[in-house]
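Let's walk through this one together, a question at a time. Have the viewer open as you read.

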Amino acid sequence: MEIAFPGKRVLVTGAARGIGRAIVHAFAAERAEVHAADIESGLVRETAATAGSPVEAHGLDVTDSAAVDALVARIGPVDIAVHAAGGVRGRMAGPLEEVTDEDWRAIQAVNVDGAFHVARAVTPGMKAKGQGRIVLISSGAGLRVSRTGIHSYGTAKTAQIGLARQLASELGPFGITVNAVAPGLMPQTSPDYVRQWEARSPEERAAIVEGIAMRRLGLPEDIAHAVLFLASDRAGWITGQALPVTGAP
Ligand SMILES: NC(=O)c1ccc[n+]([C@@H]2O[C@H](COP(=O)([O-])OP(=O)(O)OC[C@H]3O[C@@H](n4cnc5c(N)ncnc54)[C@H](O)[C@@H]3O)[C@@H](O)[C@H]2O)c1
């Protein structure tokens, strides 16, 4: 089964590293016109430079809806939007009574508000074409208790799945699918996840790998492959779903 995207305009947020970077590289390899956006403008330029084919890099704060709208207006109608911007924004687990409003909001803003801003901005162009694909990078933390122990993160990742379901219902009649991908823990994607991983004892780490049926941790490319499938024509009758990509049932 060939999955290629010649001539398709793809916008990937959170493209500076890890999962977002792998998604950019995978779409670029399949001949899409890729726009890589991230608040880390230096790192996102590196994503573009290492893609192996032309990718346009954009500095973007997804919590700023006007900036998201302006970027979409500048690049033109988007065929495929992938919201990978998110993560835990430098937070670690702590008791609920010590979580500040700012801790809570920072994670909601990028994961949930950002997903909403991106979906809203690309929808008119997709409706005009009568087709489109929106993929939100949620997490296993959206399907069960978060391993991170971070309240706002588990809540935000669950909200993304709810948003995908709700938008799928509204946008289906316009030929637009909206899905979420729910990756398992991947320690090597970003400093935040390295910290989460290193906070665990060797025994805990071994137990996590033992608990994965495929007996290995996930790689960003594992997530990119799932995203490309959901973004392809072959997935035209899959919408509103949350696909766990975890190496385990
Ligand atoms: N690594 C894991 O174990 C794991 C597991 C499940 C889900 N996820 C999710 O996958 C996605 C990618 O995570 P990752 O692990 O590759 O690294 P990450 O969590 O560091 O990635 C988040 C990316 O979003 C960018 N970002 C943060 N705030 C932004 C903003 N306001 N505007 C634009 N960009 C912003 C960051 O610069 C970074 O490049 C995230 O949504 C994360 O929650 C990661």
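Two strands pair if DSSP finds at least two bridges between them. Helices (H or I, at least four residues) and strands (E, at least two) are DSSP runs, numbered from the N terminus. This is a predicted model, where local features need pLDDT of at least 70, side-chain atom pairs count only at pLDDT 80 or more, and totals for chains, interfaces and linings use all residues. Residues are numbered from 1 along each chain as its sequence is written, and side-chain values use heavy atoms, with hydrogens and water left out.

Q: In E6, which residue is the bridge partner of Leu136?
A: Start with the strands: E5 (residues 132-137) and E6 (residues 176-183) run parallel and are joined by 6 bridges. Arg133 stands opposite Thr177 in E6. As for Leu136, its bridge partner in E6 is Ala180.

Q: How many of the residues of E6 are buried?
A: Buried means under 20% relative accessible area, exposed means over 50%, and partly exposed is in between (1.4 Å probe, protein chains only). Ile176, Val178, Ala180 and Ala182 point one way from E6, while Thr177, Asn179, Val181 and Pro183 point the other way, and all are buried. So E6 is mostly covered, and the count is 8 of 8.

Q: Is H1 roughly parallel or roughly antiparallel to H2?
A: Under 35 degrees counts as roughly parallel, over 145 as roughly antiparallel, 65 to 115 as roughly perpendicular and the rest as oblique. H1 (residues 18-29) and H2 (residues 41-49) pack at about 30°, with axes 9 Å apart. That makes the pair roughly parallel.

Q: Which residues of H2 make the contact with H1?
A: Contact means heavy atoms within 4.5 Å. On the H1 side, the contact is made by Arg21, Val24 and His25. On the H2 side, the names are Leu43, Glu46 and Thr47.

Q: How far apart in space are Ala231 and Ile80, C-alpha to C-alpha?
A: Ala231 is found in H8 (residues 220-231) and is buried, with a relative accessible area of 4%. Not counting residues up to four places away in sequence, Ala231 touches Phe5, Phe27, Ile80 and Arg133. Ala231 and Ile80 are 151 residues apart in sequence, but in space the distance is 6.6 Å.

Q: What is the phi of Arg215 near?
A: Arg215 is found in the loop between H7 (202-210) and H8. At 46% relative accessibility, Arg215 counts as partly exposed. Its phi is positive although Arg215 is a residue other than glycine, and the value is near 55°.

Technical notes: Axes are lines fitted to C-alpha atoms, for helices over the stretch in contact, and angles run from 0 to 180 degrees between N-to-C directions.
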